[in-house]
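Reader: I'm new to this one. Could you show it to me and take a few questions?

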Amino acid sequence: MNFVKRAGITLWARKGRSLLLVLTSTVILVFVMAGLIIQNAALTAANNAANAVGSTVSLSANREKMFEQMKASQSSASSTSNSETKPTAITMPTATVKQVKKIAALANVSSYNITNNASVNANSFKAVTTTTTSNAMGGGPMGGENNSGDIQVNGVSLTAATSSFTDGSAKITSGRGIKASDQGTNNVVIESELASANKVKVGQTITVKTTADDAKTVKLTVVGIYKVKTATDGFQRNDPSNTIYGSYTLANTINGTENVASNVTFTMAEPAKTTAFVKAAKKYIDTDKLTLTSDASQYKTAAANMKNVAAFASKIVWLVSIAGILILGLIIILITRERRREIGVLVALGESKPKVVAQLFTELLAILIVALGIATAAGNGVSGVIGKQLVQQQTTQQMQSANGGLPGGGAGQNGGPGGGQKPSGNMGGGPMGTRGGMTKTAELQTAMTPVAVAELGGVAFLIAVLSVSGAAFSILRMRPKQILQAD
Amino acid sequence: MTLEIKHLTHWYTDRDHKLYEDVNLTFESGRFYAIVGESGSGKTTLLSFLAGLDEPREGDILVDGVSIKEIGLTKFRQKYVSTIFQAYNLLNTMTAFQNVQTALAITGSIHAKDKAYILDQLARVGIDEEKAHKNVQRLSGGEQQRVAIVRALLVDAPIVAADEATGNLDHENSQKIVDLFAELAHEFGKTVILITHDRDVASRADEQLLLQNHVFEPI
């Protein structure tokens, strides 16, 4: 009869004690299991959230460097001349379409969108005017202020990839949006209010005049009508209905430029690799003139919530495991003391002490295997409840933090300039429209996985080893005569 | 096989109060020895040394000239000696049958898996099959002692060390067990050492040793 069989006999003979040990172990393992499931689910959710929200990288003029250069030239001009200092007009640098295509060919780019803006004046129709904006605050984007017209042409690669359309603030209501095939054409998409005010329908043509001194008339074909949901806020200097979408080549034509890409938004296939992409893309641009800005904050916020939950769950696993080791360890030590005589008899019969320890270990392992089965069955439900509670707590904290930090309550994140801004000549603005709104907290899908069961098995094994270690130490020091004499 | 005690000196806490001093004894195989003495004289302590359960402060115990320390106490207990305790020392979670089987398995006896053999040997001391499959705690003191004796005797060890093995038995059963000890010594060539203070039982042994005033003297 080996120690495994003896362990079985002992467990069966002391059913009551075995049952209590199973219950204690089950409680410990259920909490460890819940922690492991939540941890795994939270990490998965963090990755999913990151992939769902996505990440973009914007290529635009390096304004900071430009302003530094402007200041430097102004100060040198004032030191060399006593004449009245005039504001220095600077031309914002732009990337070429060739450069953009090279960058877009890099790994991890799922799509890209070129945006060029141009300012024109309505010719065959009238721009929509908003009374509240007539006295609106000035001081728009710098440069090209004198060249502003009443209509802004937003040149894009695809309207469908433009933030206004992706976040739902703008929607095609008639015809179609701008596509890659519109490059080199004068096809445009106009806002529904502008269309209805001028009775323009899809398929008709309209004309605009450039804002340059030698103004030219450009004929535009309306291929679609869109409706913008965002209301004017009174601070915009022009009505958002006066924004026309066309191909970026159209904006180039109006501005008298060729192959220019003022702003490019690259959408990342894997948000986590955004930094590597930026590093690689910088090799293709002059960083004194152009800059690459990654917009991973949304995904980071979504992922951070889940990572916090995962970190908390990890602490649960550690705490419960340590508590479990201590509780079971103490129980095993007490049981060992109670079983001193049995151990003494076995040793007196010639059993080696390591085999006696192995018997104890086998007994505890058998108990933990039963507890593991119960914990596996119950762990899903418990982890669901705890996980939901943790996510709610995390969301509440996030909202409180946002409300506390921003007067008036959680403002939209990552809102770029644009929307209905007054056209600003050849200036490169940021991504148009707002991506605002509170970042949606990722759902926590707690589900039992073979990995979680394997991890729990590992934890149970570790608990068994460490719990028996204390008892093993005392058994190895035992002298059979002392044990048997004590009885 | 010869079991020798060489220059054995032992004390508990005070070196000046020695239990034994420079004891030298030899036990031969095929002989039945009885050690008698007053309570507290150190009979059980001597048995614990002979059974490999403890080590003396000074001196050595040798099996065919080899120190049991060299053999290893665990191996010595497993292969050389089977012990019968006064307090039975059965495994309380097990049946009588399982107690015997466990001892046989630990010592690597060829009979460990021979159920019929174990039951037959138990029956020889009055433990029938029904009782053999009962938890030992449900047996009487005498029955438990008989189970303990069978457990020790079935093990293929050349030395049998028994501490008051017949103390809890009636005269009839006590005689049966002593007959068994004599049989083990004379027919199976084992060295049987019985600690007892029953002079009648001791008189059945081939040699009697009296432990008195820290020394062993032949009676």
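Reader: Which residues are buried in α7(A)?

Author: Some ground rules: this is a predicted model, where local features need pLDDT of at least 70, side-chain atom pairs count only at pLDDT 80 or more, and totals for chains, interfaces and linings use all residues. Residues are numbered from 1 along each chain as its sequence is written, chains are lettered from A and ligands numbered from 1 in the order written, and side-chain values use heavy atoms, leaving out hydrogens and water. Buried means under 20% relative accessible area, exposed over 50%, partly exposed in between (1.4 Å probe, protein chains only), and helices are DSSP runs (H or I, at least four residues) numbered from the N terminus. In α7(A), the buried ones are Y248(A), T249(A), L250(A), A251(A), N252(A) and I254(A).

Reader: Why is helix α7 of chain A largely enclosed by the rest of the structure?

Author: Helix α7 of chain A covers residues 248–255. It's largely enclosed because, of its 8 residues, the number buried is 6.

Reader: Is F461(A) buried, partly exposed or exposed?

Author: F461(A) lies in helix α12 (residues 450–477) of chain A. Its relative accessible area is 44%, so F461(A) is partly exposed.

Conventions. Helix = DSSP H or I, 4+ residues; strand = E, 2+ residues; numbered from the N terminus.
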